[in-house]
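User: I'm new to this structure and would like a close look at one part of it. Could you walk me through how a pair of helices sit against each other, and then carry on to whatever else is worth a look?

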Amino acid sequence: MDDPPRLWTASVLAILLVLVLSWIVSIVKYRLAYSKLHGPLKAPPFSMWFGSIPAIVSLFKHSPTDTHPMATMTLLYRKHQLGSMYILDNWPFLSQRQLVINDPAIAMQVSQSSLPKFWVYPKFIGHITGMKSMILTEGAEWRRARTLFNPGFAPSHLTTLVPSIVDDTQIFCGILADLSESQKVTPIDDLLANLTIDIMGHIVLDHDLNSQITDNELVGAFRSAVYWTPNSKLIHPIFNLNIVRAFAQWYHARRMDNYIRKVIRERLALRNTRAGETKVKPSRRPAIDLAIDTYLFSDESDEGMSAHSIGTKEFEQVCIDQMKTFLFAGHDTTSSTLCFIYHMLNLHPAALEKVRKEHDGVFGTSSSTAAAIKGSPKLLNDLPYTTSVIKETLRLFPPANGSRDGSSQFTLTVDGVEYPTKNTMLWPNVHTIQRRADLWPQPDDFIPERFLPPPHNFQEVTKDAWRPFQKGPRNCIGQELAMLDMKVIMAMTLRDFDIKAEYEEWDRALGREKPGEMLDGRRGMFGHRAYQQLKATAKPADGMPVRVTRRKNMGD
């Protein structure tokens with residue numbers, strides 16, 4: 001008679017063998033389908049067992065492992081000459097294949113579509129922005145949020161709020177002056193983030209967050225929420241499993257909601273809905289007041305945006321989530337870009353001198369700049385070279401990227417060939433598009449003259465090739481504010497201070513090997529120690545440690 005324990009062991013082994021064989025067969029089928037899908041498209045070297053992953057991992061021999069994926073994909077594109085679009089298969093780290101788009105015309109097919117944002121976005125930033133954020137919502141819900149806040153970000157309206165931007169920047173100038181006295185090497189990204197958060201508090205809420213000079217509950221909760229963002233390079237749920245993270249995200253989201261809800265209710269209390277009047281000064285009307293106007297005073301025909309169609313609680317939550325979105329997107333875009341602006345101008349003294357000369361011509365002496373801007377905000381429109389510096393920095397260091405979910409109803413057309421997109425992530429890679437040598441001569445060089453008006457421009461810019469704020473109907477609502485902020489901050493700081501990155505001293509203080517060196521690419525990218533680290537968005541490495549020195553202004 002057979003031994004029961006042996007029979008049981010044999011049965012278990014047989015079941016395991018069947019499961020393993022089934023798993024192997026499923027992998028082989030999945031991988032073989034890859035070659036059918038990409039057809040004539042170029043692709044990186046492909047492994048039957050690991051897909052595109054080995055080709056990507058090999059890049060980290062000569063690039064930082066913590067860099068933003070969009071920069072890594074530019075390295076992949078260049079190494080394997082992957083063309084205008086290629087396909088990736090990164091299972092199990094990502095359950096969907098990816099079509100990476102490196103061509104502006106193809107990217108516009110995605111931007112102009114009604115395809116939803118990539119399904120993982122809510123998992124990675126929903127705890128920061130809220131689920132009603134215009135970044136995450138679709139269709140009518142998205143249109144409602146966008147329509148509510150479009151008036152608050154219109155260029156003509158933002159101009160009326162320039163004095164508050166100047167006031168916040170003057171506090172920042174005082175902080176720079178203190179740093180110039182102490183000569184302490186300090187990460188400037190945090191300081192700039194505090195400044196842009198304060199600006200956003202005034203522009204959107206007319207509320208003093210004072211994060212530059214003291215701790216603030218909303219800002220603290222916001223930063224804690226960002227800290228608990230999962231690693232977006234590891235999209236498969238099992239790699240980001242963390243019970244503590246889930247609680248921390250919920251807790252800090254609740255803190256942010258409660259703070260903003262109180263502010264919104266205070267704004268609502270200022271309204272006299274019966275008379276349709278406001279107690280808010282008409283010269284300083286933040287975005288939230290314009291949204292409240294739309295909510296309270298629109299008629300029933302307005303598409304789901306009036307008090308006739310949604311309740312106060314829902315309106316509050318829509319507003320709360322947009323406030324968090326503006327804090328998140330706004331502080332990242334402006335603070336990160338300004339870090340790289342300071343860095344690139346320090347490395348290119350001729351460009352810095354041109355900026356300073358332009359500011360002298362428009363604003364007079366540096367000591368009169370704040371008053372000049374407040375008195376005539378339209379002067380900020382007379383800065384073609386400053387604008388070109390900003391645009392060139394955004395070209396080299398785009399602060400974020402975007403992707404969409406494919407659909408069985410949507411195909412991409414490339415060279416007359418249609419490619420299905422069902423169960424596929426569509427990734428227009430802004431970083432690669434903006435560093436393509438055939439679109440941008442000397443693509444890794446800092447050449448602000450690319451963006452000067454003819455005949456002074458270095459090159460003709462290909463249509464839709466510059467896209468740091470995205471394109472199409474879902475472009476960045478805050479792009480005009482970001483440009484305005486950066487112009488004001490540059491005008492008020494560049495003639496008074498030299499701001500120089502000090503990575504060598506920073507590395508030495510942290511006990512790192514070969515301070516200041518890029519370690520054959522493992523601690524720098526595209527010739528710069530100040531590469532873009534992945535910290536929810538693309539942030540300057542180590543927060544851009546700098547030394548600030550006050551200049552002697554001969555014109556003052």
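Analyst: H10 and H11 cross in the left-handed sense. This is a predicted model, so keep that in mind as you look around. To find the pair, go to residues 217-227 for H10 and residues 243-269 for H11. Their axes lie 8 Å apart, and the packing angle is about 150°. Anything over 145 degrees counts as roughly antiparallel, so that is what H10 and H11 are to each other.

Now for the side of H10 that takes part: Glu217, Leu218, Gly220, Ala221, Phe222, Ser224 and Ala225 make the contact. From H11, the residues involved are His252, Arg255, Met256, Tyr259 and Ile260. Sorted by class, this contact of H10 with H11 comes to 7 nonpolar, 3 polar and 2 charged residues.

Another helix pair to look at is H9 (residues 188-205) with H18 (residues 479-493). Here the axes are 12 Å apart and the angle is about 125°, which makes H9 oblique to H18. The crossing of H9 and H18 is right-handed. On the H9 side you'll find Leu195, Ile199, Met200 and Ile203, and they meet Leu481, Asp485 and Ile489 of H18. The class count for H9 with H18 is 6 nonpolar, no polar and 1 charged.

On to the strands. Three of them form an open sheet in the order S3-S13-S10, and the pairing is antiparallel. S3 (186-187) and S10 are the edge strands, each pairing on one side only. Start with S3: its antiparallel pairing with S13 runs over 2 bridges, and Thr186 has Val546 in S13 as its bridge partner. Going over to S10 (residues 497-501), you'll see this strand pair with S13 (residues 545-550), also in the antiparallel sense, over 5 bridges.

What about the two faces of S10, covered and uncovered? Phe497, Ile499 and Ala501 belong to the covered face, while Asp498 and Lys500 are on the uncovered one. In a regular strand, side chains alternate between the two faces of the sheet. You can follow that along S10 by stepping from Phe497 on the covered face to Asp498 on the uncovered one, then on to Ile499, which is covered.

Terms used. Residues are numbered from 1 along each chain as its sequence is written. This is a predicted model: local features need pLDDT of at least 70, side-chain atom pairs count only at pLDDT 80 or more; totals for chains, interfaces and linings use all residues. Side-chain values use heavy atoms; hydrogens and water are left out. Buried means under 20% relative accessible area, exposed over 50%, partly exposed in between (1.4 Å probe, protein chains only). Helices (H or I, at least four residues) and strands (E, at least two) are DSSP runs, numbered from the N terminus. Two strands pair if DSSP finds at least two bridges between them. Axes are lines fitted to C-alpha atoms, for helices over the stretch in contact, and angles run from 0 to 180 degrees between N-to-C directions. Angles under 35 degrees count as roughly parallel, over 145 as roughly antiparallel, 65 to 115 as roughly perpendicular and the rest as oblique. A crossing is left-handed if the near helix is turned anticlockwise from the far one by less than a right angle, and right-handed if clockwise. Contact means heavy atoms within 4.5 Å. Ala, Val, Leu, Ile, Met, Phe, Trp, Tyr, Cys and Pro count as nonpolar, Asp, Glu, Lys and Arg as charged, and the others, Gly among them, as polar.
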